[in-house]
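Trainee: Hey, can you walk me through this one? I'd like to know how to read it.

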Amino acid sequence: METNKVEKYFDLMAQSFDDYYSGEKARGFIAYLGHVIFRMPGLRRRYLATMQLIEKSGSKTVLDVGCGNGIYSISLLKKGAKVTGIDVSQAMIDLSIKNTNKENIDNYQFIKGDFLAYPFREKFDAIIAIGVFDYLAPQ
């Protein structure tokens with residue numbers, strides 16, 4: 001998918017995306033049941049595996065590509081990592097900031113931009129890109 005299409009999609013879907021991952025019943029009862037029974041266990045396994053890998057690697061600086069609503073960034077910040085989140089969607093960046101502020105965390109950096117084109121100056125011990133590859137156009 002082209003960057004501007006992905007950006008528009010997530011700008012429109014940001015709040016329902018946030019509700020979906022936070023467990024809110026944003027899509028009706030049947031969809032919610034399907035989410036809890038089929039999707040949540042996989043999401044939880046992916047989350048735990050990612051956190052374990054980052055912890056075992058000893059990474060102190062992490063780039064969260066496609067940071068979305070900040071779920072991974074917030075967890076890593078709580079564990080003491082220096083995290084930079086980047087997303088093409090301003091609505092998702094706004095959610096990341098809102099959700100991080102709810103957790104009373106103030107040492108975060110969220111950037112609206114395309115990670116493939118952004119001129120990062122810092123180096124990162126680890127980079128995570130959860131769900132990002134589904135939205136990249138084939139080259």
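Predicted model: local features only at pLDDT ≥ 70, side-chain atom pairs only at ≥ 80, totals over all residues.

Trainee: OK, how many helices and strands does the protein have?

Mentor: Four helices and four strands. Helices (H or I, at least four residues) and strands (E, at least two) are DSSP runs, numbered from the N terminus. Along the sequence, the pattern reads α-α-β-α-β-α-β-β.

Trainee: And what share of the residues is buried?

Mentor: Buried residues make up 35% of the 139. Here buried means under 20% relative accessible area, exposed means over 50%, and partly exposed is in between (1.4 Å probe, protein chains only).

Trainee: Now the sheet. What's the strand order?

Mentor: S3-S2-S1-S4, in an open sheet with parallel pairing. S3 (109-112) and S4 (126-128) stand at the edges with a single partner strand each, so one side of each has no neighbour in the sheet. From one strand to the next, the twist averages 20°. For angles, axes are lines fitted to C-alpha atoms, for helices over the stretch in contact, and the angles run from 0 to 180 degrees between N-to-C directions.

Trainee: How many bridges link S1 and S2?

Mentor: Five, between S1 (residues 61-65) and S2 (residues 82-87), in the parallel sense. Two strands count as paired if DSSP finds at least two bridges between them. If you want to find them on screen, Thr-61 has Lys-82 in S2 as its bridge partner, and Asp-64 has Gly-85.

Trainee: What about S2 and S3, how many bridges there?

Mentor: Four, again in the parallel sense. One to look for is Asp-87, whose bridge partner in S3 is Lys-112.

Trainee: Is S2 mostly covered or mostly open?

Mentor: Mostly covered, since five of its six residues are buried.

Trainee: Switching to helices. Where does H3 sit?

Mentor: H3 lies across S1, S2, S3 and S4, and runs at about 170° to S2. Contact here means heavy atoms within 4.5 Å.

Trainee: And why is H3 described as largely enclosed?

Mentor: Because six of the eight residues of H3 (residues 71-78) are buried, the rest of the structure largely encloses it. The buried ones are Tyr-72, Ser-73, Ile-74, Ser-75, Leu-76 and Leu-77. After H3 comes Gly-80, with a positive phi near 95°.

Trainee: What does H4 lie across?

Mentor: H4 (residues 90-102) lies across S2 and S3, at about 170° to S3.

Trainee: Which handedness do the β-α-β units have?

Mentor: S1, H3 and S2 make a right-handed unit, and S2, H4 and S3 make a right-handed one too. To check, view with the strands pointing away from you: a crossover is right-handed if the path from the first strand over the helix to the second runs clockwise.

Trainee: What about Glu-55, buried or exposed?

Mentor: Exposed, at 58% relative accessibility. Glu-55 is found in H2 (residues 29-57). Glu-55 and Lys-79 are 24 residues apart in sequence, and their C-alpha atoms are 8.7 Å apart in space.

Trainee: Last topic. How many aromatic pairs are there?

Mentor: Five, from a search of the whole structure. Rings of Phe, Tyr and Trp (its six-membered ring) pair if their centres lie within 6.5 Å. Tyr-118, Phe-120 and Phe-124 form one aromatic cluster.

Definitions and conventions:
Residues numbered from 1 in each chain as written. Heavy atoms only, no water. Phe/Tyr/Trp six-rings, centres within 6.5 Å; stacked < 30°, edge-to-face > 60°.
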